[in-house]
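Dear colleague,

My notes follow directly after it.

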Amino acid sequence: MTYIVTGGAGFIGSNFLHYIKSKWEEEIVVLDNLSYAADLEFIPKDKQFTFEWCDISNEDQVNYLFKKYKPTKVFHFAAESHVDRSINNYRPFLESNIIGTINLLNASRDVQKFHHISTDEVYGSLEYDSANLFTEDTPYDPRNPYSATKAGSDHCVTAWHNTYGIPYLITNCSNNYGPHQHIEKLIPLVITNALKDEVTYMHGGGHQIRDWLHVHDHCRALVMLDDAEIVDEKYNIGGSCEVRNIDVTKLILAHMNKPNDLIGISHDRPGIDKRYGMDHSKITEDLGWKPEVTFDYGLRSTIAWYLDRLT
């Protein structure tokens, strides 16, 4: 059997490839357009993996590759994902996250499963003092162009299932961190700036709360769901680790023996979300999955990976 993995040279996709390398024997075809956030070096050097350059917003390219490889399953990681970039220019997000997903769905009429990897940002924002968490039944309330396009792609997946019968799985994950992440995201940005003794500026002082999930735990959940042969379902994958951005930044600086003087304050970003918190009880009850990587260990190992790469 052949599986297609989109976005396999990016952050989560490449970690997924390394995770399945010793677990699956299927041929894996990796589709990626090698954007600024991707790196061909992140793909495992193994005959199990075949790389094909592909812009998923190009319908002809997608159709050609699906006809060439006839995949049994599709794991769709590819996405434009940085909120600030979406505010400055939403068009690439529409083309990749919505048009690209539709092109893949149209080419996937005969697959056994289309696994769409999505985000908790589709649910919007929680109040700081709310006892609520995002569940699989939380109404969608995207608050910026990025999350709106991801919400749209989620809806396309279920619509194509309802209309064309494509077996699907949607997983919505909280903030991932770990190796291979582009330096525009908070944790690698703070590490990179600290190495150069430069200030990291926090939106509104960095009081926003995010639920942190190590990418290894995320990949483990995806494989467990596949091993269980679950289709036509939706699962939240959360880290049970809500931490303010300012506190994450201080922890990184402390681990790197850098002063808190390297923290600055900038204006709040338009449409910024206060808090994300994920209820992952469904996948925990169904499969026994729960996050295993502690935030302290995950953060230290992530810092070590970037220091090894950047120094």
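This is a predicted model: local features need pLDDT of at least 70, side-chain atom pairs count only at pLDDT 80 or more; totals for chains, interfaces and linings use all residues.

Residues are numbered from 1 along each chain as its sequence is written, and side-chain values use heavy atoms, with hydrogens and water left out.

The sheet is an open one of three strands in the order E7-E9-E11, with mixed pairing, where two strands count as paired if DSSP finds at least two bridges between them. Strand E7 (175-177) and strand E11 (242-244) stand at the edges with a single partner strand each, so one side of each has no neighbour in the sheet. From one strand to the next the twist averages 50 degrees. Strand E9 (residues 209-214) pairs with E11 in the antiparallel sense over three bridges, and aspartate 211 stands opposite glutamate 242 in E11. Strands (E, at least two residues) and helices (H or I, at least four) are DSSP runs, numbered from the N terminus.

Turning to the helices, the axes of H8 (residues 245-255) and H10 (residues 295-310) come within 11 Å and cross at roughly 60 degrees; axes are lines fitted to C-alpha atoms, for helices over the stretch in contact, and angles run from 0 to 180 degrees between N-to-C directions. The two helices are therefore oblique to each other, a term for angles that are not under 35 degrees (roughly parallel), over 145 (roughly antiparallel) or 65 to 115 (roughly perpendicular). In this contact (heavy atoms within 4.5 Å), Val248, Leu251, Ile252 and His255 in H8 meet Phe295, Asp296, Leu299, Arg300 and Ile303 in H10. These residues divide into six nonpolar, one polar and two charged, with Ala, Val, Leu, Ile, Met, Phe, Trp, Tyr, Cys and Pro counted as nonpolar, Asp, Glu, Lys and Arg as charged, and the others, Gly among them, as polar.

Lysine 70, in the loop between helix H2 (59-69) and strand E4 (73-76), has a positive phi of about 45 degrees although it is not a glycine. Lysine 70 is exposed, with a relative accessible area of 62%, where exposed means over 50%, buried under 20% and partly exposed in between (1.4 Å probe, protein chains only). Glutamate 229, in the loop between helix H7 (215-227) and strand E10 (233-237), has a positive phi of about 55 degrees, and is not a glycine either; glutamate 229 is exposed, with a relative accessible area of 67%.
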